[in-house]
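Work through the exercises below with the model open beside you. Each task is followed by a solution in steps.

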Amino acid sequence: MKDEKPEVLDVIGTAEDCDCKEGMFPDPGRRALLLGGAALAGTGLFAGRAGAEATQGASQHAVLDDPTSQPGPASGGGYGLRSQFETVSRWEFPLPQPGVSGSFTPLAGTHGTITPSGLHYEVHRGGVPTIDPARHKLLIHGKVKRAKVFTMADLYRFPSVTRTAFLECAGNGGMEYARPSMPHVQGTHGLTSNSEWTGVALSTLLREVGLEDGANWLLGEGSDAGMHTRSIPIDKAMDDAILAYAQNGEAIRPEQGYPLRLLLPGFEGNMSIKWLRRLDVTDKPSFTRPEVTTYADTLADGTTRYFTWEMEAKSVITFPSGTMKLPIPGTYEVTGLAWSGRGKITGVEVSADGGKTWARANLVAPVLSMAHTRFTFGWRWDGKPAILQSRATDETGYVQPTITALVDVRGVNSKDHNNGIQSWAIDAEGNVTNVHA
Amino acid sequence: MAALGALALTACSDESGAATGEQFPELGSPAPHELIAAWDTDVRYDGAGLPPGEGTRDQGALVYAEHCVACHGETLRGVEGVQGGPLIGAGQTVTQHWPYAPTFFDYVRRAMPFNAPGSLSDDEIYGLAAYIFAEGGIYPADRPMNAATLTAMEMPNRDNFVPDPRPDVK
């Protein structure tokens, strides 16, 4: 999301005027909703939420003093809802043009490694289309022996594959290169999410249509307004790409590409084209607009990098993290997530002194390739100021760098692909803030 | 999985006998030429896919005033508080940053104007290219734009594009 940079801190409130510090686990989703609602009052964006009794995704019931004293209401019906007490929500980035927007996953409010589908981050550049699966078609043509059209019913009948994979927006953390910008981990890192995906291996369909000589690339195209397009190298397409129709056991959500999306594990999120309707097999890449500007990093020396595909190893501590407060000195379980677009996470280290010394964190099974991996670390806070950091290593031996090391090479014009080490400062009162260390 | 694999193998080995040579012959249907023609509208960096047609700077200026000015501004440098941004001038703009001119045709045809993508004719888009590239100082104002001229354009920033060298930081 380049160029569109409202002063983020103005919009969502600085750490100083944050009303959530009493709680060790503030609820950024709810706070963002309130502040976002105030900031966008009159736009109608949040109309319908204000005044509603239950939180989104829940229905409101009376709370008895003694829940054992009488039977409760019937179950949530045909599609279960969450508890009325749960408020964890995505945070919608307040951009002026409806239809070009993003929402951030509340990483500090999720557990384990799977992101609930309704909390998966999303970015769209032409709104979210409403597509009838009975009418959706996938066209595969170009350098193929048999150009074909597949209906969803066709795709459901092919052999299916299931795997867990993270998706991360290239712009995740983009606003953190130059200075600490977002107050909490939802803002600094919320453009990554992790799901179990099911669909047809793209290689199955490409064998079905038969590749011709010179079939080196695919141009993938969505059926959203603006028809998002990306060039995909054939090796990735034949290796582990999936045409996904399901996420976490159910049909993928509209904002995730219903009824069909491409899934390129480990690659920057926008290449996993949503609402996929066309794959054109070609000899050369296309250099579409997202490939030359939106997701291409311009460096301090004026050069611009194209085809920056894999998301490099990265990690972040989600507890404790920005806007939280440690109530008293004592022992805490520090926890967070690590992931790499190049394979498995092999280790995460944690530092409490701004990177001077490091200790190995615990990796929580399962540790899957190109998927969020949970780490934990038992830590005794002595009540003195501290700077917490985490550093991931992946199976290629690559070690997550500091933001300073990235900026030394790339400068601060580069707005995407920031996988630098996140620093959370803890002051003597236990307040946690986003800093560069 | 094993059973399905076996099925796929059987279908494969059937290839000699099947007229079409398909592996799952009952799945999918041959793509109609009309569908391919209707959907295969992308334009590549090297101009492949550009349609016939032509437009002048003056025609493009009129289209711009009607369909683009609200979000990209009188001077093509964006409108304060409106998303869309600058099309010419400093920064990552079309004329100063984009490495290939045909990408402009591709993107505008598929995505602009934002509220009615796909509504412009090919001639109108060529006119817009003539107008915007002339305003950006990289195309003569009196030369019409068509597939040949758009493909032949040498964009000022082209040599600054480099393939991803990562891992770049150790």
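**Exercise 1. A threonine and its surroundings**

Does A:Thr229 count as buried or exposed, or, put another way, what is its relative accessibility? Then place the residue in its strand and list its contacts.

Solution. The model is a predicted one.

Step 1. The cut-off for buried is under 20% relative accessible area. A:Thr229 has 3% relative accessibility, so the residue counts as buried.

Step 2. A:Thr229 belongs to strand S9 (residues 229–233) of chain A.

Step 3. Leaving aside residues up to four places away in sequence, A:Thr229 touches A:Leu219, A:Gly220, A:Glu221, A:Ile273, A:Thr288, A:Pro290 and A:Glu291, and also B:Asp106 and B:Arg110 in chain B.

**Exercise 2. Salt bridges**

Which residue forms a salt bridge with A:Arg277, and how many salt bridges are there over all chains?

Solution. 

Step 1. Side chains of opposite charge can pair when their charged atoms come close. The cut-off used here is a Lys or Arg side-chain nitrogen within 4 Å of an Asp or Glu carboxyl oxygen.

Step 2. Over all chains, 29 salt bridges are counted.

Step 3. The partner of A:Arg277 is A:Glu221, with 3.8 Å between the closest N and O atoms. This pair links distant parts of the chain: A:Arg277 is in strand S13 (residues 276–282) of chain A and A:Glu221 in strand S8 (residues 217–222) of chain A, 56 residues apart. Both A:Arg277 and A:Glu221 are buried.

Step 4. A second salt bridge joins A:Glu349 and A:Arg391, at 3.1 Å from N to O. A:Glu349 is in strand S18 (residues 345–351) of chain A and A:Arg391 in strand S22 (residues 386–394) of chain A, so this pair ties together parts 42 residues apart in sequence.

Step 5. A:Asp382 and A:Lys384 also form a salt bridge, at 3.9 Å from N to O. With 51% relative accessibility, A:Lys384 counts as exposed.

Step 6. Shared partners join several salt bridges into one network, made up of A:Glu221, A:Arg277, A:Arg278, A:Asp280, B:Asp40, B:Asp42, B:Asp106 and B:Arg110.

**Exercise 3. Two open sheets in chain A**

What is the strand order in the open sheet of four strands, and which strands stand at its edges? Repeat the task for the open sheet of three strands.

Solution. 

Step 1. The four strands of chain A are ordered S16-S17-S21-S20, and their pairing is antiparallel.

Step 2. Strand S16 (314–319) and strand S20 (362–364) of chain A each have a single partner strand, so one side of each is left without a neighbour in the sheet. From one strand to the next, the twist averages 30 degrees.

Step 3. S16(A) is joined to strand S17 (residues 330–339) of chain A by five bridges, and the two run antiparallel. A:Ile317 has A:Gly336 in S17(A) as its bridge partner.

Step 4. The open sheet of three strands has the order S1-S2-S3 (chain A), again with antiparallel pairing. Its edge strands are strand S1 (91–92) and strand S3 (122–124) of chain A, each pairing on one side only.

Step 5. Three bridges connect strand S2 (residues 101–104) of chain A with S3(A). A:Gly102 has A:Val123 in S3(A) as its bridge partner.

**Exercise 4. The buried face of a helix**

Which residues of helix H8 (residues 403–410) of chain A are buried, and why do they line one face of the helix?

Solution. 

Step 1. A:Ile403, A:Leu406 and A:Arg410 are the buried residues of H8(A).

Step 2. Viewed down the axis of H8(A), these residues fall within an arc of 60 degrees, so they line one face of the helix. An α-helix has 3.6 residues a turn, so residues three or four places apart point the same way.

Step 3. The buried residues of H8(A) pack against strand S14 (297–298) and strand S15 (304–306) of chain A.

Step 4. Just after H8(A) comes A:Gly411, with a positive phi of about 75 degrees.

**Exercise 5. Domains of chain A**

Solution. 

Step 1. Chain A is divided into domain 1 (122–305) and domain 2 (314–435).

Step 2. The centres of domain 1 and domain 2 of chain A, taken over C-alpha atoms, are 28 Å apart.

Step 3. Domain 1 of chain A brings 38 residues to the contact and domain 2 of chain A brings 33 residues.

Key. Residues are numbered from 1 along each chain as its sequence is written. Chains are lettered from A and ligands numbered from 1 in the order in which they are written. This is a predicted model: local features need pLDDT of at least 70, side-chain atom pairs count only at pLDDT 80 or more; totals for chains, interfaces and linings use all residues. Side-chain values use heavy atoms; hydrogens and water are left out. Buried means under 20% relative accessible area, exposed over 50%, partly exposed in between (1.4 Å probe, protein chains only). Contact means heavy atoms within 4.5 Å. Two strands pair if DSSP finds at least two bridges between them. Axes are lines fitted to C-alpha atoms, for helices over the stretch in contact, and angles run from 0 to 180 degrees between N-to-C directions. The arc is that of the directions from the helix axis to the C-beta atoms. Domain bounds come from an automatic or database domain assignment.
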